[in-house]
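The following exercises concern the structure shown below. Each task is followed by a solution in steps.

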Amino acid sequence: MNRRRTSDKVFWAGGIVIVVVYALLPVVWILSLSLKPTDEITNGKFLPQDPSFDNFSAIWKDPQFPSALRNSLGIALIATLLAVVLATFAAYAIVRLDFPGKALIMSGALAIAMFPPVAIIGPLFNMWRSLHLFDTWFGLIIPYMTFTLPMAIWTLSAFFREIPWDLDKAARVDGATPFQAFRKVIAPLAAPGMFTSAILVFIFAWNDFLFATALTSTNRARTVPAAITFFTGSSQFDFPTGQIAAASVVVTIPIIVMVLVFQRRIVAGLTSGAVKG
Amino acid sequence: MTATAARSSTGDGTEAAEAGRKGKRATSRARSERRLGWMLCAPAVTVILLVTAYPILYALWLSLQRYDLRFPDDRGFVGIDNYQAVLSNDVWWQDLVNTLVITAASVVVELVLGFALAFVMYRAFFGRAVVRSAILVPYGIITVVAAFAWRFAFDPTTGFVNGLTGTDRSWFTEQWSSYVVIIATEVWKTTPFMSLLLLAGFMLVPQDAVNAARVDGASAWQRLWKIIIPLMKPAILVAVLFRTLDAFRIFDTIYVQTRGAQNTESVSIIGYQTLISRLNLGLGSAVSVLIFACVLVIAFVFVKGFGANLAQQRGENP
């Protein structure tokens with residue numbers, strides 16, 4: 001490639017700055033809003049003049065938010081675990097074994113990825129009531145797992161195709177037991193793909209609002225996105241802006257940490273099928 | 001039996017070769033392999049069918065009944081009455097138009113912005129990790145949180161937008177300005193996903209073709225329109241298809257920002273309200289089935305009309 005000129009560099013550096021500001025401005029705004037004391041909420045300024053943590057202590061005192069956070073974490077983690085385990089079985093079979101119907105499974109999974117969740121909330125609502133799954137953790141874990149299985153299967157298959165599976169035979173020729181061969185050779189190679197799909201599944205479950213609001217009714221299973229919309233101020237005319245902002249900041253922190261630590265993996269997962277075909 | 005052979009043909013090529021060599025024993029081996037394959041896929045397939053296929057059939061069945069949970073004794077088979085009720089109602093058509101307007105506007109803006117973002121990421125020879133982390137924040141953030149952030153920013157009492165632009169507008173009291181905020185939120189949240197898919201497609205464009213065009217004297221603009229974009233067409237189509245279907249389901253943002261006020265209601269909102277708020281399972285299921293049919297039509301138009309090849313180039317549903 002030709003040598004890059006300084007003006008070129010400045011141009012692209014400007015581009016980078018614009019992109020970063022674009023991505024982070026609303027996040028900084030919600031953070032600043034969460035730090036504004038009550039009398040500053042409506043002052044129309046971008047930054048707080050006299051930052052305080054009052055909104056944060058308020059949401060922890062209210063029973064709604066701590067239980068919603070617990071529900072969100074538990075439900076998202078269990079759904080992630082189940083989806084990744086089931087998808088790993090399926091993806092392994094699709095990549096390694098020869099059986100009729102695997103093309104159908106892959107295209108079926110793609111079709112599910114386009115499925116509108118709103119089309120099934122009515123039936124699920126009715127079914128969950130008679131199965132006593134309404135307003136329970138499993139009532140949400142089941143749809144989250146289902147809607148993320150297709151993407152987990154696709155991501156994992158793309159990763160598994162890249163694994164040199166015969167290495168495990170080589171290890172066994174060298175005297176390793178089948179279990180050792182699996183643990184020392186195959187598992188470390190498969191782990192990155194499983195980890196990447198776990199992140200994507202977790203983000204989906206953490207983010208969902210439609211199922212969370214339709215299939216729960218109390219603090220028992222209501223997750224954070226649904227609970228935030230149920231926040232009420234101390235009076236009818238006092239909209240809890242600061243508290244919503246504080247809760248938003250708390251649930252955004254895990255996402256930001258994940259994105260900072262695993263950005264390369266997330267990008268690989270999101271584009272795996274597209275790049276590797 | 002090389003690693004490349006196993007990789008290139010999803011494993012079945014080598015297995016078949018092996019089976020051929022072993023002759024008779026192969027059939028029982030092939031059979032047990034087939035059984036293992038089905039067993040490993042069975043849990044995932046069963047769950048998917050139980051939670052998507054069965055409910056959609058159940059929705060179809062419910063949509064043919066008069067079934068309101070507030071009056072459960074009044075349940076009965078009514079044929080296509082629910083569909084007639086929905087399709088002859090102006091609200092459904094208005095909501096469909098709203099949804100299509102929001103979908104089209106956000107996907108077009110995202111495509112343009114996503115291209116720009118993909119180029120910055122491609123050309124960012126320093127700070128690539130910074131850019132990548134930054135744009136993943138909107139992707140990862142909870143939609144409800146994003147919707148609140150934008151709502152509070154535009155709200156005349158809490159927001160800074162009016163102060164910044166020197167206006168005194170109450171953004172959520174008119175349809176067009178509510179549209180602006182809703183679409184801006186959607187665009188902010190989902191452009192990163194679009195740009196990553198476009199970047200992946202961009203990486204597949206052979207540099208030789210671009211360089212050859214440069215040598216032949218094509219300007220940057222010509223290289224973009226005559227070489228890069230045509231070669232990226234499959235990636236663009238898939239990114240647009242996935243985002244179109246995703247935008248068509250818009251629910252969270254509208255629910256948080258207007259709840260459908262000022263005529264910004266989407267089809268998902270009316271479906272949700274009929275089913276969950278008004279507990280009318282019959283009528284609501286008819287809306288659900290119609291939404292499902294719309295999604296099928298959109299997917300069909302993309303796949304047959306534009307030739308989007310999904311199996312080859314894949315996005316996903318965040």
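**Exercise 1. A buried helix**

Task: Compare the reach of helix α7 (residues 143–154) of chain B with its expected value, and determine how many of its residues are buried.

Solution. 
Step 1. Helix α7 of chain B has twelve residues and extends 17 Å from its first C-alpha to its last, close to the 16 Å expected at 1.5 Å a residue. The expected span is 1.5 Å times one less than the number of residues. Helices (H or I, at least four residues) and strands (E, at least two) are DSSP runs, numbered from the N terminus.
Step 2. A residue is buried if 20 or more other C-beta atoms lie within 10 Å of its own, exposed if 12 or fewer, and partly exposed in between, with C-beta atoms placed from the backbone.
Step 3. By this criterion twelve of the twelve residues of α7(B) are buried; among them are B:T143, B:F148, B:W150 and B:R151.

A note on the origin of the values: this is a predicted model, in which local features need pLDDT of at least 70, side-chain atom pairs count only at pLDDT 80 or more, and totals for chains, interfaces and linings use all residues. Residues are numbered from 1 along each chain as its sequence is written, while chains are lettered from A and ligands numbered from 1 in the order in which they are written.

**Exercise 2. A bent helix**

Task: Find where helix α11 (residues 220–248) of chain B bends, and compare its span with that of a straight helix.

Solution. 
Step 1. At 1.5 Å a residue, a straight helix of 29 residues would span 42 Å.
Step 2. The end C-alpha atoms of α11 of chain B are only 35 Å apart.
Step 3. At B:K233 this helix bends by about 60°, and the proline B:P234 follows within four residues. The bend is the angle between axes fitted to the seven residues ending at a residue and the seven starting there.

**Exercise 3. The two chains**

Task: Describe the secondary structure and the buried share of chain A and of chain B.

Solution. 
Step 1. Chain A has eleven helices and zero strands, and its C-alpha trace spans about 70 × 70 × 35 Å along the principal axes.
Step 2. Of the 277 residues in chain A, 50% are buried.
Step 3. Chain B has 14 helices and two strands, and 43% of its 318 residues count as buried.

**Exercise 4. Domains**

Task: State how far apart the domain centres lie in each chain.

Solution. 
Step 1. Chain A is divided into domain 1 (1–52) and domain 2 (59–276), with bounds from an automatic or database domain assignment. Their C-alpha centres are separated by 30 Å.
Step 2. Eight residues of domain 1 of chain A are in contact with seven residues of domain 2 of chain A, where contact requires C-beta atoms, placed from the backbone, to lie within 7 Å.
Step 3. Chain B is divided into domain 1 (3–56) and domain 2 (81–305), and the C-alpha centres of these domains lie 38 Å apart.

**Exercise 5. Core and interface**

Task: Identify the residues with the most contacts inside the largest nonpolar core, then describe the contact between the chains.

Solution. 
Step 1. A nonpolar core is a set of buried Ala, Val, Leu, Ile, Met, Phe, Trp, Tyr and Cys residues joined through C-beta atoms within 7 Å. The largest has 168 residues, and those with the most contacts inside it are A:A87 and A:A90. Helix α3 (residues 64–96) of chain A gives this core its largest share, 16 residues.
Step 2. Leaving aside neighbours within four places in sequence, A:A90 is in contact with A:I105, A:I153, B:L40, B:C41 and B:A44.
Step 3. The contact between the chains takes 89 residues from chain A and 97 residues from chain B. On the side of chain A, the largest share, 18 residues, comes from helix α11 (residues 241–276) of that chain.
Step 4. This side of chain A divides into 66 nonpolar, 16 polar and seven charged residues. Ala, Val, Leu, Ile, Met, Phe, Trp, Tyr, Cys and Pro count as nonpolar, Asp, Glu, Lys and Arg as charged, and the others, Gly among them, as polar.

Terms used: Two residues are in contact if their C-beta atoms, placed from the backbone, lie within 7 Å.
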